[in-house]
Amino acid sequence: MQKERTPITLYLLLVLVMASWGLNVTATKILVAHFPPITMTAFRIFTAAMVVFIFLIAIGKFRLPTRRELGYIVAGSLFNIFIHHYFLASGLTMTSGTNGGLILGIGPVLTAILAVIFLREALSAGQLIGLVAGLLGVSIVVLTGGQGLSGISLGDIYVFIAILSQCFSFIIIKRIAGTLDTRLMTAYMLLIGSVLLFFTSLIKEPDGLAQMSGHSVPMWALFLVSAVCATAFGNLIYNFAVGQIGPSKTAIFMNLNPFFSLIGAAIFLNEQISWMQIIGFILIIIGVVLGSGALTELLRTRNNVRVPEKILDD
């Protein structure tokens, strides 16, 4: 029975993760206006790594990786943390929000394609419909956000490299999930990725360390919430889900990011949400329910609950 309940629990946790990531977009907009972006990102990810290591030590899951596992960890760090965050931060400064949002919106589709190629995963009709519905919903939300679609730029290529590297990292995580706890892998990836970003920041932002000081307590509080809630536990739960239910089913939840991002922008930045965006949200939710297999699991769980009741009635 516990095995039947696990996917539903993961789906609910993934929704919470997407909420933290979506709201973290607003938090990041505020943070980069006060901190040097790459330096701040390096410190934020390092803080998250320390939080995850403390958590794993507390639950008795910490250990040193084997040589084989270390290779996967380094590869995951490069694609999931360093390449993804560096090219995303650089790309978004050179392209429009609309272009960036649309490119990021193809993440679930890219992940599904990579899963079919490298993991031999089979996609059901429901998943395909969910992927299409989610992509359409993201497109509506982004395109009706106020900025028009602009021509292809170097920033668009950077954002595409960022999302492609992240999607490929999910394949790496799934490949090693059978022997290495993905939560432990997440901790090591965050640590190595933060170190790589820090040395990059020394080159790209020579005065970055000096600019990290002298900020208000509320700003540092926002930094810690972003690091602990969104980066530490967000990545911890998401990567654990990749190992449990697969990259393609997990990635479909990424479509919820624009939903929670706009909610955060509406609450904290006083931005308006249009009716077309609400329609887009509905399509996104339909896409998540179908593409993740959540509807199938809910029906299966409902049937499993009803059968014992019928036996008792007889």
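Reply: Let us go through some terms, one by one. This is a predicted model, in which local features need pLDDT of at least 70 and side-chain atom pairs count only at pLDDT 80 or more, while totals for chains, interfaces and linings use all residues. Residues are numbered from 1 along each chain as its sequence is written, and side-chain values use heavy atoms, leaving out hydrogens and water.

Me: How do you know that the span of helix H2 agrees with its number of residues?
Reply: Helices are DSSP runs of H or I with at least four residues, numbered from the N terminus. The expected span is 1.5 Å times one less than the number of residues. For the 22 residues of H2 (37-58) that gives 32 Å, and the end C-alpha atoms are 32 Å apart, so the two agree. After H2 comes Gly-60, with a positive phi near 75°.

Me: Why is the pair of Phe-62 and Tyr-188 called tilted?
Reply: Rings of Phe, Tyr and Trp (its six-membered ring) pair if their centres lie within 6.5 Å; planes under 30 degrees apart count as stacked, over 60 as edge-to-face and the rest as tilted. The whole structure has 17 aromatic pairs. Here the centres are 6.4 Å apart and the planes are at 35°, so the pair is tilted. Phe-62 lies in the loop between H2 and H3 and Tyr-188 in helix H8 (residues 182-204), 126 residues apart, so this pair links distant parts of the chain.

Me: What makes Tyr-188 buried and Phe-62 partly exposed?
Reply: Buried means under 20% relative accessible area, exposed over 50%, and partly exposed in between (1.4 Å probe, protein chains only). Tyr-188 has 11%, so Tyr-188 is buried. Phe-62 has 38%, so Phe-62 counts as partly exposed.

Me: Which other pair is tilted, with 45° between the planes?
Reply: Phe-170 and Tyr-238, whose centres are 5.0 Å apart. Phe-170 sits in helix H7 (residues 154-176) and Tyr-238 in helix H10 (residues 217-245), 68 residues apart. Both residues are buried.

Me: Why is Cys-167 called buried, and what is Cys-229 called?
Reply: Cys-167 has a relative accessible area of 0%, so Cys-167 is buried. Cys-229, at 43%, counts as partly exposed. The structure holds zero disulfides, a disulfide being a pair of cysteine sulfur atoms within 2.5 Å.

Me: And what does Met-94 count as?
Reply: Its relative accessibility is 36%, so Met-94 counts as partly exposed. Met-94 is in the loop between helix H3 (67-92) and helix H4 (97-105).

Key
Helix = DSSP H or I, 4+ residues; strand = E, 2+ residues; numbered from the N terminus.
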